[in-house]
Amino acid sequence: MNLILEEGIEPEALHFGGILLRFESLGSTNATAKALARKGLPEGTVVLAKMQRLGRGRGEKSWLSPLGGLWFSVILRPRLPPSSMSLIPIAAGVSAARTIRRLFQLDVVLKWPNDVMADGKKVAGILTESSAAADGYHVIVGFGINANNSCTSMPPQLRDEAISLSDMLSSEINIDRLMQENLKEFAKVYSKILTGDSAEVVTQWKHLTDMLRQPILVYETDVSVEATAVDLDSDGALLIQTQDGTLRRLLSANISIRRLK
Ligand code: BTN
(Lines give C-alpha, C1' and ligand atoms only; values in the text may rest on other atoms or scores of the structure.)
Protein backbone atom coordinates (compact mmCIF):
# COMPACT_ATOMS: atom_id res chain seq x y z
CA MET A 1 0.00 0.00 0.00
CA ASN A 2 1.34 3.45 -0.85
CA LEU A 3 0.58 6.15 1.66
CA ILE A 4 0.24 9.65 0.27
CA LEU A 5 0.86 12.07 3.08
CA GLU A 6 -0.24 15.66 3.05
CA GLU A 7 2.58 18.06 3.78
CA GLY A 8 3.17 18.45 7.51
CA ILE A 9 1.38 15.22 8.44
CA GLU A 10 3.69 12.62 9.94
CA PRO A 11 3.01 8.90 9.55
CA GLU A 12 2.05 7.41 12.92
CA ALA A 13 5.24 6.88 14.90
CA LEU A 14 6.28 3.33 15.65
CA HIS A 15 5.34 2.47 19.23
CA PHE A 16 7.07 -0.12 21.42
CA GLY A 17 5.65 -1.36 24.71
CA GLY A 18 1.94 -1.30 23.71
CA ILE A 19 1.96 -4.83 25.08
CA LEU A 20 4.16 -4.81 28.18
CA LEU A 21 4.49 -8.02 30.19
CA ARG A 22 5.92 -7.45 33.66
CA PHE A 23 7.37 -10.29 35.72
CA GLU A 24 8.76 -10.37 39.27
CA SER A 25 11.41 -12.87 38.21
CA LEU A 26 12.31 -14.76 35.03
CA GLY A 27 15.13 -16.99 33.84
CA SER A 28 15.85 -14.56 31.01
CA THR A 29 13.58 -11.92 29.44
CA ASN A 30 15.15 -12.80 26.05
CA ALA A 31 14.16 -16.46 26.44
CA THR A 32 10.57 -15.53 27.42
CA ALA A 33 10.31 -12.96 24.62
CA LYS A 34 11.53 -15.58 22.13
CA ALA A 35 8.89 -18.09 23.32
CA LEU A 36 6.18 -15.40 23.04
CA ALA A 37 7.38 -14.37 19.57
CA ARG A 38 7.00 -18.01 18.50
CA LYS A 39 3.40 -17.85 19.76
CA GLY A 40 2.80 -14.87 17.47
CA LEU A 41 3.05 -11.82 19.77
CA PRO A 42 3.49 -8.70 17.65
CA GLU A 43 6.42 -6.40 16.99
CA GLY A 44 6.94 -3.98 19.85
CA THR A 45 5.90 -6.41 22.62
CA VAL A 46 8.09 -5.86 25.69
CA VAL A 47 9.00 -8.39 28.40
CA LEU A 48 10.30 -6.89 31.65
CA ALA A 49 11.55 -8.67 34.77
CA LYS A 50 12.56 -7.19 38.12
CA MET A 51 15.30 -9.83 38.31
CA GLN A 52 16.64 -12.64 36.13
CA ARG A 53 17.92 -15.95 37.44
CA LEU A 54 19.71 -16.94 34.21
CA GLY A 55 20.40 -13.60 32.53
CA ARG A 56 22.34 -14.06 29.31
CA GLY A 57 25.10 -11.90 27.85
CA ARG A 58 26.87 -11.86 24.49
CA GLY A 59 29.37 -14.59 23.69
CA GLU A 60 27.56 -17.22 25.78
CA LYS A 61 28.40 -15.32 28.98
CA SER A 62 26.00 -15.05 31.89
CA TRP A 63 24.59 -11.65 32.90
CA LEU A 64 24.17 -10.87 36.59
CA SER A 65 20.64 -9.44 36.94
CA PRO A 66 19.71 -8.60 40.55
CA LEU A 67 16.76 -6.50 41.78
CA GLY A 68 17.17 -2.81 40.98
CA GLY A 69 18.50 -3.30 37.44
CA LEU A 70 16.48 -2.67 34.29
CA TRP A 71 16.15 -5.94 32.37
CA PHE A 72 13.80 -6.01 29.38
CA SER A 73 13.47 -7.44 25.87
CA VAL A 74 11.66 -6.18 22.78
CA ILE A 75 10.20 -8.37 20.01
CA LEU A 76 10.90 -7.13 16.47
CA ARG A 77 9.65 -8.53 13.19
CA PRO A 78 11.83 -6.66 10.67
CA ARG A 79 11.55 -7.22 6.95
CA LEU A 80 15.01 -6.09 5.98
CA PRO A 81 17.91 -7.24 3.82
CA PRO A 82 20.79 -8.90 5.77
CA SER A 83 22.98 -5.79 5.42
CA SER A 84 20.40 -3.76 7.37
CA MET A 85 19.63 -6.50 9.93
CA SER A 86 23.15 -6.19 11.32
CA LEU A 87 22.37 -2.57 12.15
CA ILE A 88 19.68 -3.51 14.71
CA PRO A 89 22.23 -4.06 17.53
CA ILE A 90 23.90 -0.78 16.56
CA ALA A 91 20.52 1.04 16.70
CA ALA A 92 19.79 -0.49 20.12
CA GLY A 93 23.12 0.77 21.50
CA VAL A 94 22.55 4.24 20.06
CA SER A 95 19.10 4.39 21.69
CA ALA A 96 20.38 3.34 25.14
CA ALA A 97 23.35 5.75 25.09
CA ARG A 98 21.25 8.69 23.85
CA THR A 99 18.57 8.04 26.47
CA ILE A 100 21.05 7.84 29.35
CA ARG A 101 22.88 10.98 28.18
CA ARG A 102 19.64 12.96 27.82
CA LEU A 103 17.94 11.87 31.06
CA PHE A 104 20.96 12.00 33.35
CA GLN A 105 23.48 14.27 31.58
CA LEU A 106 26.09 11.51 31.88
CA ASP A 107 28.85 11.36 29.25
CA VAL A 108 28.41 7.67 28.44
CA VAL A 109 30.00 6.35 25.24
CA LEU A 110 29.55 3.31 23.02
CA LYS A 111 32.00 0.44 22.71
CA TRP A 112 31.44 -1.71 19.60
CA PRO A 113 28.96 -3.03 18.97
CA ASN A 114 26.64 -1.71 21.66
CA ASP A 115 28.09 -1.62 25.16
CA VAL A 116 27.27 1.60 26.99
CA MET A 117 30.36 2.62 28.97
CA ALA A 118 31.30 5.21 31.60
CA ASP A 119 34.93 5.65 32.64
CA GLY A 120 35.80 2.32 31.03
CA LYS A 121 33.08 0.46 32.98
CA LYS A 122 29.93 -1.08 31.54
CA VAL A 123 26.64 0.64 32.35
CA ALA A 124 24.50 -1.31 29.87
CA GLY A 125 24.78 -4.30 27.55
CA ILE A 126 22.48 -5.50 24.79
CA LEU A 127 21.89 -9.03 23.55
CA THR A 128 20.26 -9.40 20.10
CA GLU A 129 19.06 -12.84 19.04
CA SER A 130 17.32 -13.71 15.78
CA SER A 131 15.41 -16.79 14.74
CA ALA A 132 13.18 -18.02 12.00
CA ALA A 133 10.08 -19.87 13.21
CA ALA A 134 6.74 -20.97 11.76
CA ASP A 135 5.33 -17.47 12.46
CA GLY A 136 8.13 -15.85 10.40
CA TYR A 137 11.39 -14.15 11.23
CA HIS A 138 11.81 -12.39 14.56
CA VAL A 139 14.55 -10.61 16.45
CA ILE A 140 14.72 -10.24 20.22
CA VAL A 141 16.62 -7.23 21.54
CA GLY A 142 17.41 -7.54 25.26
CA PHE A 143 18.54 -4.47 27.17
CA GLY A 144 20.42 -4.87 30.45
CA ILE A 145 20.92 -1.54 32.20
CA ASN A 146 22.69 -1.31 35.54
CA ALA A 147 20.24 1.16 37.04
CA ASN A 148 19.57 1.00 40.80
CA ASN A 149 21.59 -2.17 41.42
CA SER A 150 24.84 -1.11 43.01
CA CYS A 151 27.80 -2.66 41.21
CA THR A 152 30.10 -1.93 44.14
CA SER A 153 28.78 -5.06 45.86
CA MET A 154 29.35 -7.32 42.84
CA PRO A 155 32.05 -10.03 42.83
CA PRO A 156 35.56 -8.42 42.51
CA GLN A 157 36.16 -9.06 38.78
CA LEU A 158 32.73 -7.59 37.85
CA ARG A 159 33.08 -4.67 40.27
CA ASP A 160 36.06 -3.42 38.24
CA GLU A 161 34.18 -3.75 34.94
CA ALA A 162 30.62 -2.59 35.68
CA ILE A 163 28.99 0.52 37.10
CA SER A 164 25.34 1.46 37.65
CA LEU A 165 23.51 4.72 37.10
CA SER A 166 22.76 5.00 40.84
CA ASP A 167 26.47 4.45 41.61
CA MET A 168 27.31 7.37 39.31
CA LEU A 169 24.49 9.69 40.39
CA SER A 170 24.56 8.75 44.11
CA SER A 171 20.78 8.55 44.03
CA GLU A 172 18.07 6.17 42.84
CA ILE A 173 16.65 6.69 39.38
CA ASN A 174 13.12 6.21 38.01
CA ILE A 175 13.44 2.85 36.29
CA ASP A 176 10.02 2.93 34.57
CA ARG A 177 10.73 6.31 33.01
CA LEU A 178 14.14 5.12 31.84
CA MET A 179 12.54 2.13 30.11
CA GLN A 180 9.76 4.20 28.50
CA GLU A 181 12.21 6.81 27.19
CA ASN A 182 14.60 4.10 25.95
CA LEU A 183 11.69 2.39 24.14
CA LYS A 184 10.66 5.67 22.48
CA GLU A 185 14.23 6.35 21.39
CA PHE A 186 14.73 2.78 20.16
CA ALA A 187 11.52 2.98 18.09
CA LYS A 188 12.83 6.22 16.53
CA VAL A 189 16.30 4.88 15.67
CA TYR A 190 14.94 1.51 14.45
CA SER A 191 12.45 3.36 12.18
CA LYS A 192 15.41 4.98 10.45
CA ILE A 193 16.65 1.54 9.40
CA LEU A 194 13.17 0.57 8.18
CA THR A 195 12.81 3.73 6.12
CA GLY A 196 16.23 3.42 4.47
CA ASP A 197 18.01 6.05 6.59
CA SER A 198 20.60 3.63 7.98
CA ALA A 199 23.43 6.04 7.22
CA GLU A 200 22.04 8.34 9.93
CA VAL A 201 22.19 5.50 12.48
CA VAL A 202 25.83 4.83 11.58
CA THR A 203 26.59 8.55 11.95
CA GLN A 204 24.87 8.67 15.36
CA TRP A 205 26.90 5.65 16.54
CA LYS A 206 30.14 7.33 15.44
CA HIS A 207 29.23 10.46 17.41
CA LEU A 208 28.66 8.38 20.51
CA THR A 209 31.86 6.31 20.47
CA ASP A 210 35.34 7.20 21.66
CA MET A 211 37.05 4.13 20.24
CA LEU A 212 37.73 5.16 16.64
CA ARG A 213 41.41 5.76 15.84
CA GLN A 214 42.30 4.16 19.20
CA PRO A 215 44.40 1.04 19.85
CA ILE A 216 42.30 -1.99 20.81
CA LEU A 217 42.73 -5.67 21.62
CA VAL A 218 40.35 -7.94 19.71
CA TYR A 219 39.48 -11.34 21.24
CA GLU A 220 38.22 -14.03 18.89
CA THR A 221 37.77 -17.41 20.58
CA ASP A 222 41.21 -17.98 22.22
CA VAL A 223 43.26 -15.59 20.09
CA SER A 224 43.81 -11.89 20.72
CA VAL A 225 45.03 -9.39 18.13
CA GLU A 226 46.26 -5.81 18.60
CA ALA A 227 44.70 -3.39 16.15
CA THR A 228 43.39 0.13 15.64
CA ALA A 229 39.64 0.76 15.33
CA VAL A 230 39.30 2.61 12.04
CA ASP A 231 35.62 3.10 11.22
CA LEU A 232 32.07 1.75 11.44
CA ASP A 233 30.98 0.30 8.08
CA SER A 234 27.54 0.95 6.60
CA ASP A 235 26.26 -2.45 7.84
CA GLY A 236 27.53 -1.99 11.40
CA ALA A 237 30.79 -3.94 10.98
CA LEU A 238 33.80 -2.48 12.80
CA LEU A 239 36.72 -1.80 10.45
CA ILE A 240 40.04 -2.44 12.11
CA GLN A 241 43.66 -2.27 10.99
CA THR A 242 45.99 -4.88 12.45
CA GLN A 243 49.63 -4.12 13.23
CA ASP A 244 50.84 -5.49 9.86
CA GLY A 245 48.58 -2.95 8.12
CA THR A 246 45.82 -5.41 7.11
CA LEU A 247 42.28 -3.98 7.12
CA ARG A 248 39.60 -6.28 8.53
CA ARG A 249 35.84 -6.15 9.12
CA LEU A 250 34.46 -7.45 12.41
CA LEU A 251 30.79 -8.42 12.48
CA SER A 252 30.44 -11.52 14.66
CA ALA A 253 28.68 -11.26 17.99
CA ASN A 254 31.28 -13.55 19.56
CA ILE A 255 34.11 -11.07 19.26
CA SER A 256 34.98 -8.98 22.29
CA ILE A 257 37.13 -5.89 22.41
CA ARG A 258 39.22 -4.17 25.03
CA ARG A 259 40.58 -0.62 24.83
CA LEU A 260 44.35 -0.47 25.16
CA LYS A 261 44.51 3.11 26.43
C1 BTN B 1 26.15 -8.18 27.05
O2 BTN B 1 26.82 -9.21 27.20
O3 BTN B 1 26.69 -7.07 27.07
C4 BTN B 1 24.67 -8.24 26.81
C5 BTN B 1 23.89 -8.28 28.09
C6 BTN B 1 22.39 -8.29 27.85
C7 BTN B 1 21.60 -8.48 29.11
C8 BTN B 1 20.13 -8.34 28.88
S9 BTN B 1 19.20 -8.24 30.37
C10 BTN B 1 17.71 -8.40 29.50
C11 BTN B 1 17.95 -9.43 28.41
N12 BTN B 1 17.73 -10.78 28.91
C13 BTN B 1 18.86 -11.50 28.93
O14 BTN B 1 18.96 -12.67 29.33
N15 BTN B 1 19.88 -10.76 28.48
C16 BTN B 1 19.46 -9.43 28.07
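Two strands are taken to pair if DSSP finds at least two bridges between them. Strands (E, at least two residues) are DSSP runs numbered from the N terminus, as are helices (H or I, at least four residues).

**Entry 1: basis.** I noted that this is a predicted model, in which local features need pLDDT of at least 70, side-chain atom pairs count only at pLDDT 80 or more, and totals for chains, interfaces and linings use all residues. Residues are numbered from 1 along each chain as its sequence is written, and side-chain values use heavy atoms, with hydrogens and water left out.

**Entry 2: S9 and S10.** I looked up strand S9 (residues 223-232) and found five bridges that join it to S10, the two running antiparallel. Leu232 is placed opposite Leu238 in S10. Five residues lie between S9 and S10 in their hairpin, and Gly236 in the turn has a positive phi of about 95°.

**Entry 3: the faces of S10.** Which side chains of S10 are buried? For this I used buried as under 20% relative accessible area, exposed as over 50% and partly exposed as in between, with a 1.4 Å probe and protein chains only. In S10 (residues 238-242), Leu238, Ile240 and Thr242 point to one face and are buried.

**Entry 4: S10 and S11.** I then followed S10 to strand S11 (residues 247-250), with which it pairs in the antiparallel sense over four bridges. Leu239 stands opposite Arg249 in S11. This hairpin has four residues between its strands, and its turn includes Gly245, with a positive phi of about 90°.

Entry 5: In what order do the five strands of the open sheet stand? I read the order as S11-S10-S9-S8-S12, with antiparallel pairing. S11 and strand S12 (255-259) are the edge strands, each pairing on one side only.

Entry 6: I turned to strand S5 (residues 115-118), which three bridges join to strand S6 (residues 121-133) in an antiparallel run. Met117 stands opposite Lys122 in S6. Two residues lie between S5 and S6 in their hairpin, where Asp119 in the turn has a positive phi of about 50°. I also found 10 bridges joining S6 to strand S7 (residues 136-145), again antiparallel. Ser130 has Val139 in S7 as its bridge partner, and the hairpin of S6 and S7 has two residues between the strands.
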